[in-house]
Amino acid sequence: MTKWVYTFGDGKAEGRAGDRNLLGGKGANLAEMCSLGLPVPPGFTITTEACNWYFSNGRKYPPELQGEVERALDHVARIAGRRFGDRENLLLVSVRSGARASMPGMMDTVLNLGLNDETVETLARESGDPRFAYDSYRRFIQMYSNVVLGLDHDLFEEILESEKARLGHELDTELSAAEWKRIIGLYKERIDEELGKPFPQAPEEQLWGAVGAVFSSWMNQRAITYRRLHDIPESWGTAVNVQAMVFGNMGDTSATGVAFTRNPSTGEKALYGEFLVNAQGEDVVAGIRTPQNITEAARIAAGSDKPSLEKLMPEAYRSFVDISRKLESHYRDMQDLEFTIEQGKLWMLQTRSGKRTAKAAMKVAVDMAAEGLIGRDEAILRIEPASLDQLLHPTIDPSARRDVVAVGLPASPGAATGEIVFSSDVAEDARAKGRKVILVRVETSPEDIHGMHAAEGILTTRGGMTSHAAVVARGMGKPCVSGAGSLRVDYKAGTVSAGGKTLREGDVITIDGANGQVLKGAVPMLQPELSGDFASIMKWADAIRRMKVRTNAETPVDARMARSFGAEGIGLCRTEHMFFDGDRIVAMREMILADTEEGRRTALAKLLPMQRSDFVELFEIMAGLPVTIRLLDPPLHEFLPKTEEEIAEVAAVMGVPADKLRHRTEELHEFNPMLGHRGCRLAVSYPEIAEMQARAIFEAAVEAAQKTGKPVVPEVMVPLVGLVRELDYVKARIDETAKKVMEEKGTRIDYLVGTMIELPRAAIRADVIAGSAEFFSFGTNDLTQTTFGISRDDAASFLEIYRKKGVIEQDPFVSLDVEGVGELVRLGVEKGRAARPGIKLGICGEHGGDPASIAFCEEVGLDYVSCSPFRVPIARLAAAQAAARKR
């Protein structure tokens, strides 16, 4: 029979850290901490399997679950010496989510569950502090009403702020028990007005309502969005953790906090975190009060006049430091910890591997390898390849003039410039229109995740370094400044002001996540330098990986950038991109309009020196590294004007009748250009184009070799081959041109002729094609299109719907469809190598920079991947990880 509930407490647990798939990360780690003998409040975990059962059965619970929960509550009662729902000996619980993967702030939590009009009096009597009891009750009503009953958090905030203003209070902590009691009455009246029924009083009803709400939160919009952004499958589900309450809001000897065993922004080996006296855990991450530093060193560095935990509660602080060290050593990774101090006693509520910036991940991995905690292979595997994007973003030029508007906390590194927007919906709309924005909020909440994703950076006026905005921004690699308290945001007026300056929505600002500054206007940026820990990780990665990493580049700027990132050649040079500038597009259009081969050759003669100079520069930059040049691929009509206005303008510039240009445009029109007259089909129809490009390549190879003193071995790639006779026809023209150039230059040129495998037929007939091709490059963009029968340009309209409805897990244009397209790649590899054992094999679609796709490339034995310049470090690391996992 399936076991749905696992208990923990009093140094014993039914689960362990390895059970995270079943118990979720939080539940598995609570069990592990308990087994390590750490102070953990007793509780139990309802499994992720129960969550999946719940959704598969019309949001109903498994029949055995109620009995298992009752037995688990008895287990907690025996350890705690209190019983749930017992008015005389009161046990209160927290109910929290806990998915397999950490999803900070995305799902729901309820604290102080079990309080009602009667038990709140018990809590007041037992604690000797009525103010604490009624504060806890109002928190519970507020949280439960939002999470379980679906009422807006702001309904209660309005009541609270109104009462504080009436009473002349500024802080929540100034309210007396009697004042909280009145506010609770107002809360309950509002609930009755909104729902037409009273707030639930029965503890059992409260508990099952909260369990259902936590399960349901797995399918709320913010959790769905987070899963989509972080590739977390819906099928994982969430666990529910029910735990005996401990209270950080029991006066000045109580506190609650969040900490990391190392700095999650820099990776520095120093305890990093914040706490609040007389507060509950949600207060710290919600950013409602600005928290205090845990260590005295951090307090001094921050210039804070509020005492640190180290000074305020030295005994609890020492216990916390010891536990922090023990947990980091046990898990061999930086830990993210949550704790509560109840009347001087420390309780641990959570440990998990801490989310960190890419910079911090590098430093932590390198330092832990040096400390002997982990080996180099594991250090490499610790870095999320896609996170390296964070290291490749610009920072503010130190010499730039800074017009500082405000200073907050440097919550997530990097710098960003954009227009001010105050709402997440506006941020998302702006991004869709190509505008860069900074999302400015008083504080962010999980509902803002889509806006945070759309924005270049995030600025908040409240909250600390572990607030929602800070944690989510670091995970996304977005610059963030939080807690800029001198700023005043007026959502209604659409303004943000400080120090006599007022900025409006649409005004441009720059935020510096390195020092917390908010700057007026756009500020000059510097490109990052990749050295130090990055260099160490890349050096270790390069020593492990088997596959080479090339780049897709056709401009000198891209080629140089890619080389600086460690590219080992060019895997795809798209020659058509070279024809769209100035004189080139005119000559290209002359060639297209020519009625005879002679006319086309005359126009191509104008393009020859331009192509040659392009290739010379690329060969020089690559200095003997391989360069794969793809012959002209797109259909010719792409080079012609489309609208009547454009036709008239181009005709005037070229000195040709507009009618002739219009007629040729109409003549070349295709109903489905993706499957039309393009690729090798152009070279068969107009061999003079391929001949001109081949001549430019070979002449450039000779010239570059003479200039650099390094041999140049160009790789000439024929696109869209489906029939071996297509390749043979074009290859014959290439070989003939090479022979002529060698005779003219009096030198030998080594070169390779190969093809892109981007049609299913080419993969199926790869053994035959390999008889003529000296290399294959899998063009997985087109191979995906032709395998699925989907146009990449039109797929966005429905692929996201497919993903949301569970038809697909991933967009196949983002991450390779291993089962379908991947099988064709595997078939092409096997057949190609069988026919030509030494054939060179690579991939040059967008998948060449996707870590999951790179792992597949390693599995099937490709020789290299090729990707855009800024993806090169990602590909280097992903290729090393793929090799490390096979060791």
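Author: The largest nonpolar core has 99 residues. A nonpolar core is a set of buried Ala, Val, Leu, Ile, Met, Phe, Trp, Tyr and Cys residues joined through side-chain atoms within 4.5 Å. Buried means under 20% relative accessible area, exposed means over 50%, and partly exposed is in between (1.4 Å probe, protein chains only). The residues with the most contacts inside this core are F619, F698, I734 and F776. Its largest share, 11 residues, comes from helix α26, residues 687–708. Helices (H or I, at least four residues) and strands (E, at least two) are DSSP runs, numbered from the N terminus.

This is a predicted model, in which local features need pLDDT of at least 70 and side-chain atom pairs count only at pLDDT 80 or more, while totals for chains, interfaces and linings use all residues. Residues are numbered from 1 along each chain as its sequence is written, and side-chain values use heavy atoms, with hydrogens and water left out.

Now take F698. Contact means heavy atoms within 4.5 Å. Leave aside the neighbours within four places in sequence, and F698 touches P714, V716, I734, T737, A738, V741, I749 and Y751. Another core lies apart from the largest one. This other core has 59 residues, including I46, A124, L151 and F199.

D336 lies in strand β12, residues 335–342. Its relative accessible area is 7%, so D336 is buried. Beyond its neighbours within four places in sequence, D336 is in contact with V258, A259, F260, Q350, T351, R352, S353 and G354.

Next come the salt bridges. A salt bridge is a side-chain nitrogen of Lys or Arg within 4 Å of a carboxyl oxygen of Asp or Glu. The structure holds 66 of them. One joins D135 and R138, at 3.0 Å from N to O. Both residues lie in helix α5 (residues 130–147), 3 residues apart, about one turn of the helix. D135 is buried because its relative accessible area is 2%. R138 has 5%, so R138 counts as buried.

R545 pairs with E568, and the closest N and O atoms are 3.0 Å apart. This pair links distant parts of the chain, 23 residues apart. R545 sits in the loop between α19 (533–544) and β27 (548–552). E568 sits in the loop between α20 (556–564) and β28 (570–574). Both R545 and E568 are buried.

D633 and R630 form another salt bridge, with the closest N and O atoms 3.7 Å apart. D633 is buried because its relative accessible area is 6%. R630 is buried because its value is 8%. Some salt bridges share partners: R131, D135, R138, R139, E161, K164 and D172 are joined this way into one network.

What about cysteines? A disulfide is a covalent bond between the sulfur atoms of two cysteines. Here the rule is a pair of cysteine sulfur atoms within 2.5 Å. The count comes to 0 disulfides. The sulfur of C573 is 11 Å from the closest cysteine sulfur, in C844, so the two are too far apart for a bond. C573 has 0% relative accessibility, so C573 counts as buried. C34 is also at 0%, so C34 counts as buried.

Last, the surface. I801, Y802 and V807 form a nonpolar patch there, with about 270 Å² of accessible area together. Patches are made of residues with over 30% relative accessible area and no salt bridge: like charges are joined within 9 Å, nonpolar side chains (Val, Leu, Ile, Met, Phe, Trp, Tyr) within 5 Å. Accessible areas come from the Shrake-Rupley method with a 1.4 Å probe, and for residues only the protein chains shown count as cover. V807 lies in the loop between α31 (796–804) and α32 (821–835). V807 counts as exposed because its relative accessibility is 54%.
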